[in-house]
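Hello,

Here is the structure I promised to pass on to you. Have a look at it first, and then read my notes below.

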Amino acid sequence: MSGDFDSHGWRMRVAAARGTGRSGLTLAGGMVLNVFTGQLEEKSVSIADGRITAVGGAGGTAEIVDCRGKIIAPAFVDPHIHTESSLLWMPEFARAVIPHGTCAIVTDPHEIANVAGLPGLAAMRAAAVGLPIHIRFTAPSCVPASAYESPGAKFGAEQISEMLAWPETVGLGELMNVAGAVSGDRIIGEKLHAASGRRKDGHAPGVGSLRLQAYLQSGVTSDHESTELAEARAKLELGLFIMIRQGTTERNLEALLPLVDDWTWPRCAFCSDDRDCFTLKHDGHVDAIVRDAIAGGMDPFRAYRLATFNPADYWRLDGIGAIAPGYEANLNILTDFEKVEIESVLFQGQTVASRGEMVVDLPENRPPDFLLDTMHVAPLSTASFRLEPAHAKKAIVVYDGQIVTGVQNVDPVVVDGQAVTDVESDFLKVACIERHNATGRVGVGYVRGFGLQRGAIASSIAHDAHNIVVVGVSDEDMLAAVEHVVSMKGGLATVADGTVIADLPLPIGGIISDQTLAAVSERLEHVEQSANDLGCRLTSPFGLLAFMALSVIPKGRVTDKGFVPVA
Ligand SMILES: [Fe+2]
């Protein structure tokens, strides 16, 4: 699928396929999954130069691997993910997903783009070099996500054009600014122009009817934001390719399973969007989605197709996602088809993972120094978290397991002329602190649903601009939590009674760890638990905290510019 053409390798494969030469490796005796016909048949799979030379009826070969009793399936493809959400730098991300059978992802690196612009994206690209997985990019379309957000870098049409020229860039990333797209916004128009002729990924949560038809004038052809069946069906009817998302927080598979029927299956795929390292380690990646889909009643052949060929085909990743002559030999060897039990993973014909572990060394690909120093915060005090009663007439309401929020009209509790928190009624404060350019801007509002009984939790993962977001009971603890995040050069922190009780440093851009999958996963679990220990009722307190400032998801947010209603 790269643009490179190796004539020597091609001639070698031609000879092997014709029987006048030899393949390097033949997998023999296994049941081979054909995602085009929906069949499992015992056939040999021969490989040379990283690609499949023959399926069945192979000629000579240098090595035979006995696959009797095993299933040979194409490796998985994730058509929409943000690797930053794993909290892992690219080599550790690869270590997290490859043993789960993933051979290709299309990532929209808009988290790093918000922090560090094109230089940050170039660093991500460099970090992916040499990994035994295809890392493909979409060019972020919405940095900033809206005019209410204050990112650390500009990413306009000029930067999009530059990124689209990379061979690893497959199209334009999720078009989240629906308001801009349906109003004919000039800047959106410039970005769409820059991406003329390229695939465009959509992002239209809850958008229907005439508004959706106006949105589709942008030329987007996919969407991964449906949470209800009717919404997904309406989008599919209007031509969108539906990516059924099953992330850490957003889990839409169960609701959308009935969408996939005898007519619609070619227009669907699975994606993970945002999966943190704990979920990747303990649940899995695309393998887990396929497992859940089959357990939920989806035909297994169809489930594999939605996880292999369909996502590859959507992004025009020719030569991956199936087992056929000329395709890359990116294969999962399974011991159980329906439970998706993966024994080993081959990338371009080489075994790269076995029994859940990598078996090849990965390049270290360290991040550049500029990505390790991105916290620029003006001095703060408890006064930074004051909430004027006039700005406390509405509270954001969070719901467990959903990034969509509600908005509730409230009568603020006022003490000494300031709106204050009320633990009994679960009125806490949420604040967003600008942290890229030390402007001193802080937005403060009310939030319900976190349920903290004391203390505060803060995070420099704050989609999409990645300022610092904090929810707390007391201004003192909110201040202490934010100051600790700054001292770590980014990360997550829980504070109670002025003391840090758990943290997770994220020094790469303030959003990614420089540590291993195992270490980050353990520390993430600990810091999430610490918030629950303070009374938070949410399954993933920091997972939802990270979305409190995302001004493009309904219905209410607080950014550094204050409360933002979202239609
Ligand atoms: Fe996304």
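Along the sequence, the donor residues of the iron ion follow the spacing H-x1-H-x91-E-x98-D. His80 sits in strand E10 (residues 76–81) and Glu174 in strand E13 (residues 169–175), so this pair ties together parts that are 94 residues apart in sequence. Strands here are DSSP runs (E, at least two residues) and helices are too (H or I, at least four), numbered from the N terminus.

Before going on, please note that this is a predicted model, in which local features need pLDDT of at least 70 and side-chain atom pairs count only at pLDDT 80 or more, while totals for chains, interfaces and linings use all residues. Residues are numbered from 1 along each chain as its sequence is written, and side-chain values use heavy atoms, with hydrogens and water left out.

The protein donors are His80 (NE2), His82 (NE2), Glu174 (OE) and Asp273 (OD), at 2.2 to 2.4 Å from the iron ion. Donors are N, O and S atoms within 2.8 Å of the metal (3.2 Å for Na, K and Ca); water is not among the atoms, so sites may look incomplete. The four donor atoms subtend angles of 82 to 158 degrees, which makes the arrangement irregular.

**Cavities**

The structure holds three cavities of 30 Å³ or more. A cavity is a set of points on a 1 Å grid over the protein atoms alone where a 1.4 Å probe fits but cannot get out, and its lining residues have an atom within 4 Å of a point. The volume is the space filled by probe spheres set on the points, which are joined across faces, edges and corners.

The largest cavity has a volume of about 330 Å³. Its lining has 26 residues, with Ser85, Asp276, His463, Gly543 and Ala546 nearest the centre. Helix H15 (517–533) and helix H16 (541–545) are the elements that give two or more residues to this lining.

The second largest cavity holds about 120 Å³ of space. Among its 17 lining residues, Glu174, His203, Asp274, Phe547 and Leu550 are the closest to its centre.

Best wishes

Conventions
On a 1 Å grid over the protein atoms alone, a cavity is a set of points where a 1.4 Å probe fits but cannot get out, and a pocket is an open set with protein on both sides within 12 Å along at least five of seven lines; lining residues have an atom within 4 Å of a point. Four donors count as tetrahedral if all angles lie between 85 and 135 degrees; four count as square planar and six as octahedral if opposite donors are over 155 degrees apart and all others between 65 and 115; anything else is irregular.
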